[in-house]
Amino acid sequence: TVEPGVISMTEDVNDSDGRLYRLKIRSTPNGKQAVAWCLSNPWDPRRPNAGRSYWDGHVESDGFICLGNGSERRLVASPFTLKFAVLRARYWCTGFSAFMETGVFPDL
């Protein structure tokens with residue numbers, strides 16, 4: 001859906017072992033605020049968080065990704081730029097896979 005004042009993109013990302021994630025990034029038109037969601041992951045494509053707690057995998061059950069301190073679900077309150085959100089969400093994919101393999105989320 002198109003939302004006035006919001007730019008949205010969906011991207012497929014491979015983790016370091018080639019497993020496929022699907023991300024959604026939403027941004028203000030000027031790129032000063034952005035948020036990210038995992039729409040699908042290779043560990044459980046039906047559940048964006050693969051059934052893990054927010055505190056373990058840094059992702060909520062609806063796929064909202066914690067990009068760092070101050071993560072905010074509301075786009076206009078996000079402290080993260082579009083560039084940061086895209087890079088961090090891509091990196092999160094590898095971090096989440098590491099968590100699923102080892103039980104420990106890497107210290108980003």
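Visitor: Is E11 buried or exposed?
Guide: Buried, because its relative accessibility is 18%. Here buried means under 20% relative accessible area, exposed means over 50%, and partly exposed is in between, with a 1.4 Å probe and protein chains only. Keep in mind that this is a predicted model, where local features need pLDDT of at least 70, side-chain atom pairs count only at pLDDT 80 or more, and totals for chains, interfaces and linings use all residues. Residues are numbered from 1 along each chain as its sequence is written, and side-chain values use heavy atoms, with hydrogens and water left out.

Visitor: Which element holds E11?
Guide: Strand β1, residues 7-14. Strands are DSSP runs of E with at least two residues, helices are runs of H or I with at least four, and both are numbered from the N terminus.

Visitor: What does the side chain of E11 make a polar contact with?
Guide: The side chain of R90, at 2.7 Å. A polar contact is a pair of N or O atoms within 3.5 Å; within protein, one must be able to donate a hydrogen and the other to accept it, and residues adjacent in sequence count only if both atoms are side-chain atoms.

Visitor: And which residues does E11 touch?
Guide: Leaving out residues up to four places away in sequence, E11 touches Y21, R22, L23, V86 and R90. Contact means heavy atoms within 4.5 Å.

Visitor: New topic: where is S78 found?
Guide: In the loop between α1 (54-57) and α2 (82-102). S78 counts as buried, because its relative accessibility is 4%.

Visitor: What lies 2.6 Å from a polar atom of the S78 side chain?
Guide: The backbone oxygen of A34. A34 is also among the contacts of S78, along with K32, Q33, V35 and E72, if you set aside neighbours within four places in sequence.

Visitor: Zooming out, how many helices and strands does the chain have?
Guide: Two helices and three strands. From the N terminus on, they run β-β-β-α-α. The chain is as compact as a globular protein of its length, because its radius of gyration is 13 Å, close to the 13 Å that the globule rule gives for 108 residues. That radius is taken over C-alpha atoms, and the rule is 2.2 Å times the number of residues to the power 0.38.

Visitor: How much of the chain counts as buried?
Guide: 39% of the 108 residues.
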